[in-house]
Structure formats: structure tokens, C-alpha cells
Amino acid sequence: MATNSIKDNLTKSEIISELLLSIKGDVKKEYIHLIVEGVDDIRFFKSRVSPHVYIYESFSGKEGVFDILKNFKKEDRILGICDRDYADIPTDLNIFFYDFSCLEIMLISNEDVFKSCSDTFYYGSLNSNELLLKILNELKWLGIFRRLSFQKKFAIKFNGVSITNAFNKSTLSLNISNLITQINSRNDNFCEKNHDILNDIEKQSRNILSKNELLYLSQGHDFLNLFKCFCGENFKPEVFFCSLLCCYQKNHFKSTNLYSSLKQYQSEKNLNNILN
């Protein structure tokens, strides 16, 4: 096999069957099987893993990665990589997280990469670092709400909440009242019925957070949607994401915790190269 093989659009049973057959047939134990959340993850890894790696797209995002890995707890050659979001790193599964909250934020967190891309798409007066911090701080309230919902299992429906509709072009800021109205409309007036929770979020959002803390708190799609508000209607998040991928070189990846963790795992398990 000259190049890594990509397997997508498979069901759960098809992925498990494929893995079982591949592991059984790999007598020399030469190959690694990597389960990722979706197409964007495949884009990122297909040029960064060795020819001995098969990449599988999960049948159901992050939950699917966990679900598949639970079937192969004792198999060192089957790994999962997914967004951290607000979860703790599992100790009983071969699952690794991107640095910070997700793939997009890991790419954005590199100052050189973000500067190269933002200078291409953004024509405002802020420099790249000022712009990054401005966006991250504007997303702080929403990130705290997302994290609290995850931790307390509120099951808040954030899908469909529009960053664009909540953006105030005059102040270059998010209108929190607008976000609350949108969240209420999708969650049976949750905020209206839980003023104590809303007050707690407001209190937490007044705290000054470091850049790294903000990077752990912010979600990639929220960042890209707010970045669009600073760039204009012609901005396409998908194009910007592809630009981030193109700018993100091997030396950038080597500086991440994810890269170090994979290299350490590879050494501890005496595996063939996972990464190029």
C-alpha cells in the first residue's frame, strides 16, 4: 500500500467489520487505523500521517469516534482523534484531542498561521493579534454558556443561533440580549426560567481570561462565524478554513501537544510511524 487509505460514508457496523478484518489480516502488524470525526479532520490528517495509516470517518461525529473505540479497548493500533470541546481526556480509550477546543481553534491558535490568513481576508484597523483577542473575548459569554450546558447536562440547543444576527456593526460586538432571545426561542424559554444560571454566566463572563483559556472556551464554528462579521458578507468560512489548512505547516503541527502525545504513544506501544 503506497499511500494512506481514506474510508468515509461507512455505517457503524461497516467500520467495525472493516477494522476487524484489517487487524486480523495484518499479520506483521504494520498498519494503524485512525478514526476521526468528519471530512475536515480527514483533510487535516491525510498529508500528515504515514503511508501505514488508514483514516476512517466516524459514522456519527465525536460520539461515533468514542463508540467505535469502545469496541477496541485492547487494540493499540486503533486510535481516535476528535475535538475536545469541554470533555476530559478518557483514560480507558485510545482517544486523543486536538489542542484547545477543536481542530479549527488549534489552527487559529498559531500566531503565524492566523496572521497569514487574517491579513488576506480582513481589511480593518486591528492587527492580527488584536483581532484574535477581540473575537475570542466577544465569544466568551457564549462559550461559558456552552461549557456550563455540557457540564450540567442542560442539553441546550445552540444549533441555529445566529452570530451574524447578534452582531452589532457599530460597536463590533455581540449583543448578548439577542443571543439570549435566540436561545430562549429554541429551548422553551430556558433563560427566562433560570435567572440564577444566567446570572452565574454573566458573573463568570466578567472575569478576565488568558488567551489560552479563551482558546479552550471558544468553539471553532462560532469563531469563524464571528470572523465573517468582521470581514464582510463575501467571506466564506469554508474558504478560510482551507486557507488555514494550507498555511499550517509540519513545523506548526510539531509544536502541538497532540503531535507530542501521538509520538509518545507511538514510542510506548512500539508502533510503526503514525505521523509523517
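Start with a pair of helices. H5 and helix H6, residues 128-138, pack at an angle of about 95°, and their axes are 9 Å apart. H5 and H6 are therefore roughly perpendicular to each other. By that I mean 65 to 115 degrees; under 35 counts as roughly parallel, over 145 as roughly antiparallel, and the rest as oblique. The axes are lines fitted to C-alpha atoms, for helices over the stretch in contact, and angles run from 0 to 180 degrees between N-to-C directions. Helices here are DSSP runs of H or I with at least four residues, strands are runs of E with at least two, and both are numbered from the N terminus.

A word on the model. It is predicted, so local features need pLDDT of at least 70 and side-chain atom pairs count only at pLDDT 80 or more, while totals for chains, interfaces and linings use all residues. Residues are numbered from 1 along each chain as its sequence is written, and side-chain values use heavy atoms, with hydrogens and water left out.

Which residues of H5 meet H6? They are Phe114, Lys115 and Ser118, and on the H6 side we have Ser128, Leu131 and Leu132. Contact means heavy atoms within 4.5 Å. By class, this contact of H5 with H6 has three nonpolar residues, two polar and one charged. Nonpolar covers Ala, Val, Leu, Ile, Met, Phe, Trp, Tyr, Cys and Pro; charged covers Asp, Glu, Lys and Arg; the others, Gly among them, are polar.

Next, H5 with H13. Their axes come within 10 Å and cross at roughly 40°. That makes H5 oblique to H13. Phe114, Ser118 and Phe121 in H5 meet Phe223, Phe227 and Cys231 in H13. Here the classes are five nonpolar, one polar and no charged.

In H14, residues 237-247, the buried residues include Phe240, Phe241, Leu244 and Leu245. Seen down the axis of H14, its buried residues fall within an arc of 145°, so they line one face of the helix. The arc is that of the directions from the helix axis to the C-beta atoms. Buried means under 20% relative accessible area, exposed is over 50%, and partly exposed is in between, with a 1.4 Å probe and protein chains only. What covers these residues includes helices H2, H4, H5 and H13.

H4 brings us to Ser109, which lies in that helix. Ser109 is buried, at a relative accessible area of 18%. A polar atom of its side chain lies 2.7 Å from the backbone oxygen of Met106. Leaving aside neighbours within four places in sequence, Ser109 is in contact with Phe100, Lys211 and Leu215.

Now a loop residue. Asn187 sits between helix H9 and helix H10. Is Asn187 buried or exposed? It is buried, with a relative accessible area of 12%. A polar atom of the Asn187 side chain is 2.6 Å from the backbone nitrogen of Lys157.

Last, Phe150 in helix H7, residues 140-152. Phe150 is partly exposed, with a relative accessible area of 43%. Phe150 touches Tyr86 and Ala87, not counting residues up to four places away in sequence. Phe150 and Tyr86 are 64 residues apart along the chain, yet their C-alpha atoms are separated by 7.0 Å.

Terms used:
A polar contact is a pair of N or O atoms within 3.5 Å; within protein, one must be able to donate a hydrogen and the other to accept it, and residues adjacent in sequence count only if both atoms are side-chain atoms.
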